[in-house]
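Visitor: Could you show me how to read a predicted model, one feature at a time?
Guide: Gladly; let us look at it together.

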Amino acid sequence: MVTNAHLEKINQTPHAKKLNLELLSSERTSVILKLPFNEELIGDPVNGYIHGGAITTLADTACGVAIFQAQNNYRAMATLDLRIDHMQPASSGSDVYANADCYHLTHTIAFVRVNLYTDDASKPIATATGSFMRSNEEFPVN
Amino acid sequence: MQQQQVHLCALMKSSPLINMTLLQSIQQLKDSNDYEGMIQLIPYAKSMGIETSLVGDKIVSTLPFMESNIGNPTLPALHGGLVAGFMENAALFHLLWCFELKKTPKVIDFSIDYLRPGLTETTYSHCDVIRLGRRVALCNIKAWQADSEKPIAIARGHFLLSANEPIG
């Protein structure tokens with residue numbers, strides 16, 4: 001079984017580190033990641049909303065970690081496509097959470113859905129869906 | 001609410017332009033043909049190290065390589081999410097600079113297809129506006145590295161151009 005300590009390391013790729021992404025929890029095929037609010041990530045300076053790109057990065061990273069979990073190994077994947085719908089802006093100053101579920105795996109492709117929210121998981125700020133190409137290459141864990 | 005005001009105050013100190021609305025600030029930049037000034041207005045663009053240039057009638061955004069852009073240390077390759085954020089921002093800059101808008105564009109949806117891994121080198125992006133309506137703009141966005149004929153990703157996104165108010 002993939003341990004959380006390993007998953008957390010994988011979550012610490014250079015760009016995930018720059019955004020201070022944190023792994024909060026993991027289930028059999030799903031994970032919850034947190035993007036702490038940071039003024040440097042603001043995309044709407046008048047309202048102080050986080051940039052859509054930072055939300056997309058959170059979603060993409062959460063997908064990757066959910067796939068490691070569903071695969072039960074650390075084989076790397078490449079994003080084929082990712083679509084994100086922004087339902088409402090994340091209120092300024094709020095951390096954003098991503099709950100990603102890798103709901104189907106084939107030999108070659110992984111399918112993932114993501115729910116993104118701030119305070120209330122039942123009121124998402126965005127949803128995302130992506131498909132990923134699986135590979136045999138090991139992701140560096142150490 | 002109070003928290004939001006604190007953030008705005010912090011931003012105002014860093015950029016005197018923020019005292020105006022974003023669109024007024026953009027207009028002032030246009031008057032002095034200072035397209036690079038847009039970066040100072042969007043903290044995300046600034047912290048990702050994004051640069052802009054004007055090529056013909058298009059804004060071309062540049063993302064110089066930094067170690068902190070890596071998402072896959074094995075290859076190594078750029079983080080796909082960052083490439084998406086960079087492209088979304090390229091569309092935003094293009095819309096702000098090339099059109100007279102009444103409201104700041106807000107991304108509604110964004111869909112990206114990855115064609116090649118992003119190598120550890122400079123990335124470029126520009127945007128084609130497929131349709132500019134009164135309420136919504138549809139953009140096609142391309143990102144490439146050394147060879148513009150070999151894009152690393154293509155994306156399309158809708159941006160809201162009107163106020164989010166009840167339909168009358």
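**Reading strands, helices and confidence**

Guide: Strand E6 (residues 96–105) and strand E7 (residues 109–117), both of chain A, run antiparallel and are joined by eight bridges. Helices (H or I, at least four residues) and strands (E, at least two) are DSSP runs, numbered from the N terminus, and two strands pair if DSSP finds at least two bridges between them. Within this pair, A:Ala100 stands opposite A:Val114 in E7(A).

Guide: A word on conventions: this is a predicted model, where local features need pLDDT of at least 70, side-chain atom pairs count only at pLDDT 80 or more, and totals for chains, interfaces and linings use all residues. Residues are numbered from 1 along each chain as its sequence is written, chains are lettered from A and ligands numbered from 1 in the order in which they are written, and side-chain values use heavy atoms, leaving out hydrogens and water.

Visitor: How many bridges join E7(A) to E8(A)?
Guide: Eight, and these strands run antiparallel. One partner pair there is A:Phe111 with A:Ser131 of E8(A). E8(A) is also joined to E5(A), antiparallel, by ten bridges, and A:His86 stands opposite A:Ala126 in E8(A).

Visitor: In what order do the twelve strands form the open sheet?
Guide: The order is E1(A)-E2(A)-E6(A)-E7(A)-E8(A)-E5(A)-E5(B)-E8(B)-E7(B)-E6(B)-E2(B)-E1(B), with antiparallel pairing. Strand E1 (22–26) of chain A and strand E1 (51–55) of chain B stand at the edges with a single partner strand each, so one side of each has no neighbour in the sheet.

Visitor: How are two packed helices described?
Guide: By the angle between their axes and the distance between the axes. Axes are lines fitted to C-alpha atoms, for helices over the stretch in contact, and angles run from 0 to 180 degrees between N-to-C directions. Here, helix H3 (residues 52–71) of chain A and helix H5 (residues 80–98) of chain B pack at about 160°, with axes 8 Å apart. H3(A) and H5(B) are therefore roughly antiparallel (under 35 degrees is roughly parallel, over 145 roughly antiparallel, 65 to 115 roughly perpendicular, the rest oblique). Their contact (heavy atoms within 4.5 Å) includes A:Thr56 and A:Asp60 of H3(A) and B:Leu82 and B:Glu88 of H5(B).

Visitor: Where in chain B does pLDDT stay under 50?
Guide: Over residues 1–13. pLDDT is the predictor's confidence in each residue, from 0 to 100. Where pLDDT is low, the predicted coordinates should not be read in detail. For chain B the mean pLDDT is 89, and 88% of its residues reach 70 or more.
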